[in-house]
Amino acid sequence: MKKVRIGVLGAYRGSSMINYCKRADNAEVVAICDKSPEALEAQRKIADGLNITFYENFEDFIKHDMDAVVLANYANEHAPFAIRAMKLGLHVFSEVLPCQTMKEAVELVETVEETGKIYAYGENYCYMPAPYEMKKLYRQGKIGEFEYGECEYIHNCESIWPSITYGERDHWRNNMYSTFYCTHSLGPIIHMTGLRPVSVIGFEGVRNERNLRTGAKGGQFGIEMVTLENGGIIKSINGGLYKNSIWYCAYGSKGRMECGREDAKDGHIHKIYVNADAFSGDYQNEKLDSYEPKNDVVADVEGFGHGGSDFYSMYHFVEKINGNKDADTIDVYEALDMFLPGMFAYRSILKGGIPMEIPNLRDKSVRKQWSDDTTCTDPKVAGDMLLPTFSKGTPDIDDGVYEHMKNLWEAECQSGRDNYRSAAFNQGIKK
């Protein structure tokens with residue numbers, strides 16, 4: 001099997017993809033790029049004599065002799081790098097998120113079509129044991145046609161905020177709106193059903209003291225009520241409620257399946273519960289199956305983050321490059337099916353909670369309507385289409401908050417107690 005030569009942009013979050021290349025027999029990492037000398041030095045120390053070239057400049061990195069790039073840079077900056085890489089003949093594995101504007105989304109789709117290069121969206125939560133099993137069972141018809149689902153990605157990041165924003169007022173996390181980071185919650189059910197979202201209504205949680213004291217300018221959490229092309233409905237919630245939760249549940253025309261709840265202490269994302277009949281209308285016997293699913297790809301995923309899903313998302317990307325037509329990757333259209341509901345949920349919020357149609361960018365005539373739309377909360381990109389980060393307006397947060405976050409971050413670095421960074425290298429936690 002050909003070893004695919006991979007370059008990684010983003011040495012912290014990219015550490016998981018780097019570790020994949022070290023342990024897999026179908027890929028090797030040949031170049032690593034990061035603007036942080038500290039990050040590059042840390043990777044040099046654990047390179048174990050591998051032939052890897054390190055770059056601080058993307059312009060030099062992108063010229064390296066390689067087959068594909070992993071984009072693990074800031075979540076609001078993936079599209080421009082993906083477009084550049086594909087136009088230079090490279091395949092792309094894009095960590096979350098795929099884009100931040102409709103203009104970028106259109107350019108991304110058209111670049112994939114024009115170049116024919118493989119674009120794989122790295123929504124690793126789709127490959128966690130329970131949601132991945134849910135996809136397999138759904139495609140087998142286990143619960144019938146999808147009717148309703150719920151999904152949660154709740155992550156209170158207050159304790160690690162200095163380590164992931166560095167005290168930068170304009171860091172993307174500080175400027176993101178409440179429904180921006182939606183693909184961890186919504187993605188697995190989209191991937192499970194293969195159904196396209198057609199409309200969405202958004203809801204926003206109130207901004208409270210946790211956001212204000214860390215410098216985050218958006219709502220505390222967001223909800224997307226999504227209607228799919230078959231009429232099914234998904235309730236998706238994501239954001240920073242006080243206690244964490246990852247959970248997926250799907251109702252079909254002849255049954256239900258869900259993963260374990262974290263607080264149950266009974267396997268959580270590694271366990272699945274299925275309650276389904278043989279046919280719709282068969283109410284003779286109530287039977288609940290519960291078990292720990294096994295991935296069809298036998299691999300040692302010890303040490304890989306997100307329930308081992310970091311391994312499988314990369315495995316399928318490399319397999320796709322090597323010509324495996326059955327490799328389970330998330331293409332550009334599906335990536336946008338996961339992301340655009342969050343974008344348009346926020347537009348719904350700003351318009352008082354009205355339903356918003358979700359554009360189908362598979363249709364070239366639809367793309368023309370959005371090719372100049374730079375609407376977002378990033379001042380560097382939005383131009384005169386800048387949105388507030390919160391429905392009641394972008395808050396004015398004192399510089400002292402960011403100075404405090406910066407001091408906490410520097411103290412972690414100086415003390416050598418940066419446990420979050422250590423975890424980032426060992427498990428690939430998101431930057």
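Trainee: In this predicted model, which residue of β2 is the bridge partner of Val 4?

Mentor: Strand β1 covers residues 4–9, and its pairing with β2 is parallel, over 6 bridges. Within β2, the bridge partner of Val 4 is Ala 27.

Trainee: Through which helix does the chain cross from β1 to β2, and what is the handedness of the crossover?

Mentor: Between β1 and β2 the chain passes through helix α1, residues 15–23. This β-α-β crossover is right-handed.

Trainee: Why can strand β2 be called largely enclosed by the rest of the structure?

Mentor: Strand β2 spans residues 27–33. A residue counts as buried when its relative accessible area is under 20%. The strand is largely enclosed because the number of its 7 residues that are buried is 6.

Trainee: Which residue of β3 is the bridge partner of Cys 33?

Mentor: Strand β3, residues 53–55, runs parallel to β2 and is joined to it by 3 bridges. The bridge partner of Cys 33 in β3 is Tyr 55.

Trainee: Which helix does the chain pass through in crossing from β2 to β3?

Mentor: This β-α-β crossover is right-handed. The helix on the path covers residues 37–45 and is α2.

Trainee: How many helices and strands does the protein have, and why is it described as compact?

Mentor: The secondary structure comes to 16 helices and 15 strands. For 431 residues the globule rule gives 22 Å, and the protein is close to that value, so it is as compact as a globular protein of that length. Its radius of gyration is 21 Å.

Trainee: What percentage of the residues of the protein count as buried?

Mentor: The C-alpha trace spans about 65 × 55 × 50 Å along its principal axes. Of the contacts with a separation of 6 or more, 69% are between residues 24 or more positions apart. Among the 431 residues, the buried share is 59%.

Trainee: How are the rings of Tyr 177 and Phe 180 arranged as an aromatic pair?

Mentor: The count of aromatic pairs comes to 19. For Tyr 177 and Phe 180, the centres are 5.3 Å apart and the angle between the planes is 75°. Planes over 60 degrees apart count as edge-to-face. The arrangement of Tyr 177 and Phe 180 is therefore edge-to-face.

Trainee: Are Tyr 177 and Phe 180 buried or exposed?

Mentor: The relative accessibility of Tyr 177 is 6%, and that of Phe 180 is 4%. Both residues belong to a cluster linked by ring pairs, which also includes Tyr 125, Tyr 153 and Trp 172. With those values, Tyr 177 counts as buried, and Phe 180 is likewise buried.

Trainee: What is the separation between the C-alpha atoms of Ile 246 and Ile 154?

Mentor: Ile 246 lies in strand β11, residues 245–252, and is buried, with a relative accessible area of 15%. Residues that Ile 246 touches include Tyr 125, Tyr 153 and His 268. Although Ile 246 and Ile 154 are 92 residues apart along the chain, their C-alpha atoms are separated by 6.4 Å.

Trainee: Over the face of which residue does Arg 261 lie?

Mentor: Arg 347 lies over the face of Phe 344, at 4.7 Å from the ring centre. Arg 261 is 3.8 Å from the ring centre of the residue in question, Trp 247.

Trainee: Which residue with a positive phi follows helix α6?

Mentor: Helix α6, residues 129–139, is mostly covered, with 9 of its 11 residues buried. Among the buried residues are Tyr 132, Met 134 and Leu 137. The residue that follows α6 has a phi near 85° and is Gly 141.

Note on methods:
Residues numbered from 1 in each chain as written. Predicted model: local features only at pLDDT ≥ 70, side-chain atom pairs only at ≥ 80, totals over all residues. Heavy atoms only, no water. Buried < 20%, exposed > 50% of the residue type's maximum accessible area, 1.4 Å probe, protein only. Helix = DSSP H or I, 4+ residues; strand = E, 2+ residues; numbered from the N terminus. Pairing = 2+ DSSP bridges. Right-handed = clockwise from strand over helix to strand, strands pointing away. Phe/Tyr/Trp six-rings, centres within 6.5 Å; stacked < 30°, edge-to-face > 60°. Lys NZ or Arg CZ within 6 Å of the ring centre and 35° of its normal. Rg over C-alpha atoms; globule rule 2.2 N^0.38 Å. Contact = heavy atoms within 4.5 Å. Lists of a residue's contacts leave out its neighbours within four places in sequence.
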